[in-house]
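Here's a quick briefing to read with the model open next to you.

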Amino acid sequence: MSAVAVNTDDVALTIEAFTKLDQRGDKRAMNKLAGRLQREQPFLLQYAAAVRGEHGDAVGEAAVFYTTLVWAMFDRGRDGTLPRIVQANLDTAEQIVGAAVASDPAINERPVHERVVSALVERQPHIYAKLQELLAEDVKEAAMAEATAAIIWRPIQVAIEAFDAALSGRRPGERQGTIVHQTEPTGRNEPCPCGSGKKYKKCHGAAA
């Protein structure tokens with residue numbers, strides 16, 4: 001297990017927080033979360049969103065959602081800001097995950113959520129276990145086609161490898177200054193937390 005492995009409590013709390021946001025339909029909170037991801041991890045967001053161009057909006061949105069979960073799991077409980085995952089980090093992580101998958105010729109014969117390689121799982125076992133569970137549930141309940149799950153499973157694993165490598169020092173990401181995450185509600189006439197320079201009511205507040 002990696003020295004920076006995310007524990008089961010942080011994984012569970014992340015899922016609980018996302019579930020509550022979804023159940024409440026809290027657009028304001030979701031917009032703030034999306035703004036944070038865009039500011040702190042633009043390369044990761046672009047990487048996940050690129051799936052949309054090749055496979056369509058639904059698959060792209062699933063890839064973005066699941067990689068956002070990965071980021072949130074690593075982010076939860078940390079005092080400082082996560083290293084920014086740069087393109088070079090993602091490219092290397094893609095190669096590592098690809099080589100690991102290629103080393104198991106029977107991997108595609110298994111259900112999608114079981115298409116994992118132990119060497120990767122051992123670094124972040126709690127994250128893998130939860131995401132495997134969520135993927136299996138989505139496919140079983142027809143919330144996601146098995147083909148969609150197969151497409152997004154690769155970028156999900158790349159995101160996990162990239163963050164683990166950055167935090168463990170194997171392939172450091174780009175260091176960011178400490179970012180203070182706003183917990184108090186944003187006033188309608190205050191600057192939008194997304195950094196656009198507009199007032200909140202004219203920016204993300206308009207959709208809330």
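Quick ground rule: buried means under 20% relative accessible area, exposed means over 50%, and partly exposed is whatever falls in between, using a 1.4 Å probe and protein chains only. This is a predicted model, so local features need pLDDT of at least 70 and side-chain atom pairs count only at pLDDT 80 or more, while totals for chains, interfaces and linings use all residues. Residues are numbered from 1 along each chain as its sequence is written, and side-chain values use heavy atoms, with hydrogens and water left out. Helices here are DSSP runs (H or I, at least four residues), numbered from the N terminus.

**Core**
- The largest nonpolar core has 51 residues; such a core is a set of buried Ala, Val, Leu, Ile, Met, Phe, Trp, Tyr and Cys residues joined through side-chain atoms within 4.5 Å.
- Helices supplying at least two residues each to this core include α1 (8–24), α4 (57–75), α5 (87–102) and α8 (146–168).
- Y66, F74, L131, I152 and I156 have the most contacts inside the core.
- Leaving aside residues up to four places away in sequence, I152 touches V59, A62, A63, Y66, L135 and M144, where a contact means heavy atoms within 4.5 Å.

- Of the 19 residues in α4, 15 are buried, so the helix is mostly covered.
- The expected span of a helix is 1.5 Å times one less than its number of residues; for α4 that should give 27 Å, and the end C-alpha atoms are 26 Å apart, which agrees.
- After α4 comes G77, with a positive phi near 80°.
- A142 also has a positive phi, near 65°, and is not a glycine; this residue sits in the loop between α7 and α8 and is exposed at 65% relative accessible area.

**Salt bridges**
- The whole structure has 12 salt bridges, each being a side-chain nitrogen of Lys or Arg within 4 Å of a carboxyl oxygen of Asp or Glu.
- D75 and R36 pair up at 3.1 Å, N to O, linking helix α4 to helix α2 (residues 27–40) across 39 residues of sequence.
- D75 counts as buried because its relative accessibility is 12%, and R36, at 14%, counts as buried too.
- R154 and E94 form another bridge, with their closest N and O atoms 3.1 Å apart; R154 is in helix α8 and E94 in helix α5, so this pair ties together parts 60 residues apart in sequence.
- R154 is partly exposed at 33% relative accessibility, and E94 is partly exposed at 25%.
- K130 and E133 meet at 3.2 Å, N to O; both lie in helix α7, 3 residues apart, about one turn of the helix.
- R123, E161, D164, R170 and R171 are linked in a network of salt bridges.

**Aromatic rings**
- There are 4 aromatic pairs, counting rings of Phe, Tyr and Trp (its six-membered ring) with centres within 6.5 Å; planes under 30 degrees apart are stacked, over 60 edge-to-face and the rest tilted.
- F18 and F65 have ring centres 6.2 Å apart and planes at 75°, so the pair is edge-to-face.
- F18 is in helix α1 and F65 in helix α4, so the pair ties together parts 47 residues apart in sequence.
- F18 counts as buried at 15% relative accessibility, whereas F65 is partly exposed at 41%.
- Ring pairs join F18, F65 and Y66 into a cluster.
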